[in-house]
Amino acid sequence: MRKTLMIFALCIMSVLSVSAADGYSRNIADLPVAARTMLKNNFKSKMSLIKIDKDWGRVSEYEVILNDGTEVKFDNSGNWKEVEVSESGSVPPKVIPAAILKYVKTNHKGLRVIGIEKKRSGYEVELSNGLDMEFDARGNFLRYD
(Lines give C-alpha, C1' and ligand atoms only; values in the text may rest on other atoms or scores of the structure.)
Protein backbone atom coordinates (compact mmCIF):
# COMPACT_ATOMS: atom_id res chain seq x y z
CA MET A 1 0.00 0.00 0.00
CA ARG A 2 2.79 2.38 0.93
CA LYS A 3 4.61 1.66 -2.33
CA THR A 4 1.43 2.30 -4.34
CA LEU A 5 0.89 5.66 -2.61
CA MET A 6 4.47 6.66 -3.28
CA ILE A 7 4.18 5.80 -6.98
CA PHE A 8 0.87 7.67 -7.19
CA ALA A 9 2.41 10.75 -5.52
CA LEU A 10 5.39 10.71 -7.90
CA CYS A 11 3.07 10.46 -10.90
CA ILE A 12 1.03 13.43 -9.70
CA MET A 13 4.17 15.52 -9.07
CA SER A 14 5.58 14.74 -12.51
CA VAL A 15 2.32 15.68 -14.23
CA LEU A 16 2.13 18.96 -12.31
CA SER A 17 5.74 19.85 -13.03
CA VAL A 18 5.25 19.25 -16.76
CA SER A 19 2.05 21.31 -16.88
CA ALA A 20 3.67 24.17 -14.96
CA ALA A 21 6.67 24.49 -17.28
CA ASP A 22 7.35 27.90 -18.79
CA GLY A 23 7.23 28.24 -22.54
CA TYR A 24 9.04 30.35 -25.12
CA SER A 25 7.81 31.70 -28.41
CA ARG A 26 8.74 34.06 -31.21
CA ASN A 27 5.18 34.33 -32.51
CA ILE A 28 3.47 37.59 -31.53
CA ALA A 29 0.11 35.87 -32.02
CA ASP A 30 0.82 34.00 -28.76
CA LEU A 31 0.25 37.25 -26.86
CA PRO A 32 -3.18 38.56 -25.86
CA VAL A 33 -4.59 41.28 -28.15
CA ALA A 34 -4.08 44.00 -25.51
CA ALA A 35 -0.35 43.19 -25.29
CA ARG A 36 0.07 43.16 -29.08
CA THR A 37 -1.68 46.51 -29.35
CA MET A 38 0.45 48.07 -26.59
CA LEU A 39 3.67 46.89 -28.23
CA LYS A 40 2.59 48.05 -31.71
CA ASN A 41 1.53 51.51 -30.46
CA ASN A 42 4.55 52.23 -28.27
CA PHE A 43 7.67 50.47 -29.56
CA LYS A 44 9.45 50.57 -32.90
CA SER A 45 11.83 47.71 -32.14
CA LYS A 46 10.84 44.23 -33.28
CA MET A 47 10.06 41.46 -30.84
CA SER A 48 12.85 39.01 -30.16
CA LEU A 49 11.35 36.53 -27.69
CA ILE A 50 8.28 35.86 -25.55
CA LYS A 51 8.61 33.98 -22.29
CA ILE A 52 5.30 32.56 -21.16
CA ASP A 53 5.24 31.94 -17.40
CA LYS A 54 2.79 29.32 -16.22
CA ASP A 55 1.53 28.42 -12.77
CA TRP A 56 -0.36 25.16 -12.45
CA GLY A 57 -0.70 24.95 -16.22
CA ARG A 58 -2.25 28.40 -16.63
CA VAL A 59 -0.50 31.46 -18.03
CA SER A 60 0.36 33.87 -15.23
CA GLU A 61 2.60 36.32 -17.08
CA TYR A 62 4.15 37.13 -20.44
CA GLU A 63 7.63 38.63 -20.66
CA VAL A 64 8.50 40.13 -24.04
CA ILE A 65 12.07 40.99 -24.99
CA LEU A 66 12.55 43.36 -27.91
CA ASN A 67 15.59 43.50 -30.20
CA ASP A 68 16.83 46.73 -28.58
CA GLY A 69 16.91 45.05 -25.14
CA THR A 70 13.63 46.48 -23.87
CA GLU A 71 11.68 44.12 -21.60
CA VAL A 72 7.92 44.39 -21.16
CA LYS A 73 5.94 42.22 -18.75
CA PHE A 74 2.22 41.62 -19.13
CA ASP A 75 -0.34 39.89 -16.94
CA ASN A 76 -2.34 36.96 -18.31
CA SER A 77 -4.90 39.37 -19.86
CA GLY A 78 -2.27 41.39 -21.72
CA ASN A 79 -2.16 44.44 -19.43
CA TRP A 80 1.37 45.76 -19.01
CA LYS A 81 2.93 45.33 -15.57
CA GLU A 82 6.48 46.51 -16.10
CA VAL A 83 8.61 48.20 -18.76
CA GLU A 84 12.41 48.35 -18.63
CA VAL A 85 14.60 49.89 -21.32
CA SER A 86 18.36 50.16 -21.73
CA GLU A 87 20.05 53.06 -19.95
CA SER A 88 20.42 54.88 -23.27
CA GLY A 89 16.69 54.62 -24.02
CA SER A 90 13.53 55.79 -22.32
CA VAL A 91 10.09 54.41 -21.60
CA PRO A 92 7.64 55.75 -24.22
CA PRO A 93 5.73 58.76 -22.83
CA LYS A 94 2.34 57.21 -23.74
CA VAL A 95 3.04 54.38 -21.27
CA ILE A 96 3.75 56.70 -18.34
CA PRO A 97 0.71 58.19 -16.55
CA ALA A 98 0.46 61.94 -17.24
CA ALA A 99 0.87 62.98 -13.58
CA ILE A 100 4.09 60.99 -13.25
CA LEU A 101 5.46 62.31 -16.53
CA LYS A 102 4.71 65.88 -15.41
CA TYR A 103 6.40 65.33 -12.03
CA VAL A 104 9.55 63.93 -13.66
CA LYS A 105 9.74 66.76 -16.24
CA THR A 106 9.23 69.40 -13.55
CA ASN A 107 11.49 68.02 -10.81
CA HIS A 108 14.13 66.04 -12.71
CA LYS A 109 14.83 67.93 -15.93
CA GLY A 110 17.15 66.16 -18.32
CA LEU A 111 16.54 62.72 -16.82
CA ARG A 112 14.70 59.91 -18.58
CA VAL A 113 12.38 57.25 -17.23
CA ILE A 114 14.11 53.93 -17.94
CA GLY A 115 11.78 51.72 -15.93
CA ILE A 116 8.22 51.72 -14.68
CA GLU A 117 6.38 49.05 -12.75
CA LYS A 118 2.66 49.01 -12.07
CA LYS A 119 1.84 47.72 -8.59
CA ARG A 120 -1.41 47.34 -6.68
CA SER A 121 -0.72 50.46 -4.66
CA GLY A 122 0.69 52.57 -7.49
CA TYR A 123 3.85 52.85 -9.57
CA GLU A 124 7.57 52.46 -9.09
CA VAL A 125 9.70 54.53 -11.48
CA GLU A 126 13.43 54.38 -12.21
CA LEU A 127 15.25 57.35 -13.73
CA SER A 128 18.34 57.35 -15.93
CA ASN A 129 20.54 58.44 -12.99
CA GLY A 130 19.48 55.36 -10.98
CA LEU A 131 17.02 57.23 -8.75
CA ASP A 132 13.92 55.21 -7.82
CA MET A 133 10.62 56.88 -6.96
CA GLU A 134 7.22 55.68 -5.81
CA PHE A 135 3.86 57.12 -6.83
CA ASP A 136 0.33 56.27 -5.78
CA ALA A 137 -2.29 54.89 -8.20
CA ARG A 138 -3.25 58.43 -9.26
CA GLY A 139 0.34 59.36 -10.07
CA ASN A 140 0.98 61.47 -6.98
CA PHE A 141 4.58 61.41 -5.75
CA LEU A 142 5.04 59.48 -2.50
CA ARG A 143 8.76 59.09 -1.86
CA TYR A 144 12.23 58.36 -3.15
CA ASP A 145 13.29 54.80 -2.76
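These legends walk through a few close-up views of the predicted model above. Local features need pLDDT of at least 70 and side-chain atom pairs count only at pLDDT 80 or more, while totals for chains, interfaces and linings use all residues. Residues are numbered from 1 along each chain as its sequence is written, and side-chain values use heavy atoms, with hydrogens and water left out.

**View 1. The open sheet of nine strands.** The order is E1-E2-E3-E4-E5-E6-E7-E8-E9, with antiparallel pairing. Strand E1 (23-25) and strand E9 (141-144) each have a single partner strand, so one side of each lacks a neighbour in the sheet. On average, neighbouring strands are turned by 20 degrees against each other, direction ignored. Strands (E, at least two residues) and helices (H or I, at least four) are DSSP runs numbered from the N terminus; two strands pair if DSSP finds at least two bridges between them.

**View 2. Strands E5 and E6 side by side.** Three bridges join E5 (residues 80-84) to the antiparallel E6 (residues 113-119). Look for Val-83, whose bridge partner in E6 is Ile-116.

**View 3. Helix H2 on the sheet.** Helix H2 (residues 33-42) lies across E3 (58-66), E4 (71-75) and E5, at about 155 degrees to E4. Such angles run from 0 to 180 degrees between N-to-C directions, with axes fitted to C-alpha atoms, for helices over the stretch in contact (heavy atoms within 4.5 Å).

**View 4. Around Ser-25.** Ser-25 sits in strand E1 and touches Asp-30, Leu-49, Ile-50 and Ile-52, not counting residues up to four places away in sequence.
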